[in-house]
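Have the fold open in your viewer as you read.

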Amino acid sequence: MQNSLFPVDAPPAPAAAGPAAAPATATRASRARQVQAVECPPALHALAAGLPPLLRLGTSSWSFPGWKGLVWDGDYSESMLAQRGLAAYARHPLLRTVSLDRAFYQPLTPAQYAAYAEQVPGDFRFVVKAPSVVADALVRAEDGKGMRANAAFLDPRLAWSAFVDPALQGLATKAGALVFQLSPLPVAMLARMPETIARLGAMLAALPPLAQLRERAPDLVIAVEVRDPEWLVPAFADALRAVGATYCLGGHAKMPPIEDQLPVLRALWPGPLVCRWNLHRSHGRYGYEDAKALYRPFDQLVDPDPQTRAVLARVLRATTGAGQPAYLTINNKAEGSAPRTVEAMARLLVP
C-alpha cells in the first residue's frame, strides 16, 4: 500500500534554508512551528504518580486535532501534529508510550526512528509495528485487497534488516515493544496452521537472542499480534515461549474478545504484557473505517466499554504485580477518544 493513504506521524521536517530573520520575528516563527501541550491539572499528575512504574499507557498514533484540551493546548492541523506533536504528547503525565503504526506501511530508517526518539524523555518507550512486507502474507492493492502471495512473509533476514535492527539503532534504549502484527491470512494458510506457526517460530528463532537485544534496549519486548483466531492454539504459545517472545492481546473485530485471548498469555506466564486495544467490541460489524466516522473528532467517550476495561485492569495489575512490564496502547476506535480511555484505565488502576 502507498503510505500516503494513511495518517502519517512523521518526524519533524528540517526548516527550509533562507535569509536570517530578525530575532523577534524568528522567535514568533519558532513558536508558530511548535505544538504546545495542554496544561494538565495537578490531580492528573497525582494519578500518573500512583500508577505501577512498570506500566506504560499510551495511544495508537497521535496526530488528532480533536485532542485539543486533552493533549494539545489549541487548534493544530493533522499534518502539524504528525510532524511536531510527539514532544507535546510525551509531556502528558499519563502517556508514557505510543504505538508507531506508521512503520507497518513502510519500513523506517534508523534516522527516522532517531528523530522520534529525540522528541521524548528518557523514560518514554515506543511500541512499533513491523512493516507489512514482513508481517502480511499478501501483497495488497491500495484498497487493502490481497493481490498475490508475499514471498517475503516472515522472512528472517528481512525481519532483522527492515525492522528490528533499524528500530534498535534509532530508538536505542527507548525501544519498548516490537510487534509483529500479522495481517489476516489467506484461506490456504489457515488450512495449514501447523506449517504457518512453524514458519513464524523459525523467523523469531533466527533473530538474535532476546538477552543480546536487551544489551541495546534493556526494556525490549518482542511480541506477536494476530488477526485470525486460528492462531490461538498451544503450538503458537510454544513457539513464542521458545524464543522469549510474548503474545500481543489485540482488541480487534477479527479476533475474539480480549478475555477469550487470555489462555495464550496464561501459557506464557509469567511474562510481559503487550496489548493494542484497537476497536470497540460492539462495532466489528461496522468495520474499522465506519467506526472512525462514528467517533470523529475523537474528543469524547462515545461507547464506553467497561467490560474490556475491567479485564485489562485485572491483567495489568497481575502483570506488573509479578514484576513484569506492561504496555497498553489504545486507539480512538476503542471507545471514541483514546486519551479519555487512557485516563479511565488509570483511574481503575489507582486505588
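Leu273 has Ala326 of β10 as its bridge partner. This pair leads us to strands β9 (residues 273-277) and β10 (residues 326-330), which run parallel and are joined by five bridges. Strands count as paired when DSSP finds at least two bridges between them. Helices (H or I, at least four residues) and strands (E, at least two) are DSSP runs, numbered from the N terminus.

This is a predicted model, in which local features need pLDDT of at least 70 and side-chain atom pairs count only at pLDDT 80 or more, while totals for chains, interfaces and linings use all residues. Residues are numbered from 1 along each chain as its sequence is written, and side-chain values use heavy atoms, leaving out hydrogens and water.

Now step back to the sheet: eight strands form a closed barrel with parallel pairing, in the order β1-β2-β3-β6-β7-β8-β9-β10. On average, neighbouring strands here are turned by 25° against each other, direction ignored. Axes are lines fitted to C-alpha atoms, for helices over the stretch in contact, with angles from 0 to 180 degrees between N-to-C directions.

Helix α15 (residues 306-321) lies across β1 (55-60), β8, β9 and β10, and runs at about 160° to β9.

Finally, look at Pro156, which sits in helix α8 (residues 156-171). Beyond its neighbours within four places in sequence, Pro156 contacts Met203 and Ala206 (heavy atoms within 4.5 Å). The C-alpha atoms of Pro156 and Ala206 are 6.0 Å apart, although 50 residues separate them along the chain.
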